[in-house]
Amino acid sequence: MALSGKRILLVIGGGIAAYKSLDLIRRLRERGASVRCILTAGAQHFITPLAASAISGQRTHTDLFDREDEADIGHIRLARDADLVVVAPATANLMAKMAGGHADDLASTVLLATTLPILLAPAMNVRMWLHPATQRNLATLQADGIRTVGPNEGAMAEAETGPGRMAEPLEIVAAIESRFAPSGPLVGKHVVVTSGPTHEPIDPVRYIANRSSGKQGHAIARAAAAAGARVTLVSGPVDLADPAGVTTIHVESAREMLDAVETALPADIGIFAAAVADWRVANAGEQKIKKNNGALPNLALTENPDILATIARRNEGRPQLMIGFAAETENVIEHARQKLAKKGCDLIVANDVSTGTGVMGGDSNTVHLVSPAGVETWPTLSKTDVARKLIERLGQMMKGAGQ
Ligand code: CTP
């Protein structure tokens, strides 16, 4: 669905077109968006908060000083917890307040407090629309980065014709979709990213793990999505939120991770940043191992499949670019070179994870890009910046390969 997972904050102003906003809510929800509404006092002359709540499936907000609202969500959170703010209908008065920075009710306060992108669907009488004051306000709002859809020309409620009719709900939906339309160097590409550690069970309550936090892999998934790619993130157990706009599949063990990656394919790019456990316990039992008078449990280890090598060495269905990571504690470049050849990938991002570097679990990273073309060392950067630079590079590599 085109708007799957998108959160829209819909501010409904006081105009007759408010009734169309109820249809807009329905259309947005049909496309997978969630919609939370704010009604101005004027809007409540045309539709009720109850109608907006019933159609949106969420509580509708009306008052700035509503004690329950402020304790529950608060106007500042209302201004933040969405992906886009849509004002429909945007009346002349609401536009004037926005252009002037007024905050004298919930709608105008949220519109002043928000840093989210805003889309306006103006609706008003033709003379009000054409009035120099409204046109000045429109210019101010557009200069502030606010986008508009409509108004349309046509017959109006007051039996006049001209520009002023609110855009139809489906036109507003199209404008919303285009605000979310991906753009960037990886548009049209599918990127599969692995991230985090794996947990290999010893028994139902114990497992073998490692110190990977998943921060670098998750940052890569976010950067790939920001570059316009469709992203599938296969994540081991981490304490991180699922990145917005990314399909995240949660796994525990290396074998589950391999299965999930295979299911996610085909892909154009595979970026395998997970710290996969090399071994699992072959004789992991169904019951918790009990202490037994000092006798030590007999754990038999067996090697896990190498996910990166398995996919990179495929003849059919290999992603065009396969990127591995090398977490090393010594001879970083040399080991990375060996991994590049052994695993059959196109690029290894090598980093020193020895104690004291703070890389494992930390927020910054110093990486070396090791490829058949040579070695490139990047300065110490935040993991977010490493991710951005890496994705930018992969975009160039795809382009270089004529894709
Ligand atoms: N990798 C993988 N599956 C494994 C082991 C590693 O996909 N079973 C991938 C990692 O995601 C990483 C790369 O291989 O992209 C290198 O991982 P690393 O742990 O550094 O290398 P290993 O092959 O495990 O080698 P070693 O532990 O001996 O250094």
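Predicted model: local features only at pLDDT ≥ 70, side-chain atom pairs only at ≥ 80, totals over all residues.
Local features are reported only at pLDDT of at least 70 and side-chain atom pairs only at pLDDT 80 or more, whereas totals for chains, interfaces and linings use all residues. Residues are numbered from 1 along each chain as its sequence is written, and side-chain values use heavy atoms, with hydrogens and water left out.

**Overall architecture**

- The protein chain contains 14 helices and 21 strands; these are DSSP runs numbered from the N terminus, with helices (H or I) of at least four residues and strands (E) of at least two.
- The C-alpha trace spans about 85 × 55 × 40 Å along its principal axes.
- The domain assignment gives domain 1 (7-180) and domain 2 (190-400), with bounds that come from an automatic or database assignment.
- The centres of domain 1 and domain 2, taken over C-alpha atoms, are separated by 44 Å.
- Of the 403 residues, 47% count as buried; buried means under 20% relative accessible area, exposed means over 50%, and partly exposed lies in between (1.4 Å probe, protein chains only).
- The accessible surface comes to about 19600 Å², and carbon and sulfur atoms account for 50% of it; such areas come from the Shrake-Rupley method with a 1.4 Å probe, and for residues only the protein chains shown count as cover.
- Among contacts (heavy atoms within 4.5 Å) between residues at least 6 apart in sequence, 66% join residues at least 24 apart.

**Nonpolar cores**

- The largest nonpolar core has 31 residues, of which Ile-271, Ile-391 and Leu-394 touch the most other members; a nonpolar core is a set of buried Ala, Val, Leu, Ile, Met, Phe, Trp, Tyr and Cys residues joined through side-chain atoms within 4.5 Å.
- Elements that each supply at least two residues of this core include strand E8 (190-195), helix H10 (215-226), strand E13 (269-272) and helix H14 (383-400).
- Helix H14 provides the largest share of this core, 6 residues.
- Another core, of 30 residues, lies apart from it and has Ala-17, Ala-33, Val-173 and Ala-175 among its members.
- Leaving aside neighbours within four places in sequence, Ile-271 is in contact with Val-191, Val-192, Val-193, Thr-194, Ile-220, Ile-323, Phe-325, Ile-391 and Leu-394.
- Ala-224 is placed in helix H10 and is buried, at 0% relative accessibility.
- With neighbours within four places in sequence again set aside, Ala-224 is in contact with Val-191, Ala-229, Val-231 and Ile-391.
- Ala-224 and Gly-214 are 10 residues apart in sequence and 15 Å apart in space, C-alpha to C-alpha.

**Ligand site**

- A nitrogen atom of the ligand is 2.9 Å from a backbone N or O atom of Pro-305.
- The ligand taken alone exposes 570 Å², of which the protein buries 80%.

**Backbone features**

- Most residues other than glycine have a negative phi, and most peptide bonds are trans.
- A cis peptide bond with omega of about 5° joins Gly-150 and Pro-151; Pro-151 lies in the loop between strand E5 (147-148) and strand E6 (152-155).
- A cis peptide bond, with omega of about 5°, joins Leu-265 and Pro-266; Pro-266 is in the loop between helix H11 (254-264) and strand E13.
- Asn-293 is not a glycine, yet has a positive phi of about 45°; Asn-293 is in the loop between strand E14 (279-281) and strand E15 (301-303) and is exposed, at 80% relative accessibility.
- Asn-331, which is not a glycine, has a positive phi of about 40°; Asn-331 is in the loop between strand E16 and helix H13 (332-343) and is exposed, at 52% relative accessibility.

**A buried asparagine**

- Asn-351 lies in strand E17 and is buried, with a relative accessible area of 7%.
- The side chains of Asn-351 and Asn-365 make a polar contact (3.2 Å); a polar contact is a pair of N or O atoms within 3.5 Å, where within protein one must be able to donate a hydrogen and the other to accept it, and residues adjacent in sequence count only if both atoms are side-chain atoms.
- Not counting residues up to four places away in sequence, Asn-351 touches residues including Ala-326, Glu-328, Val-332 and Val-367.
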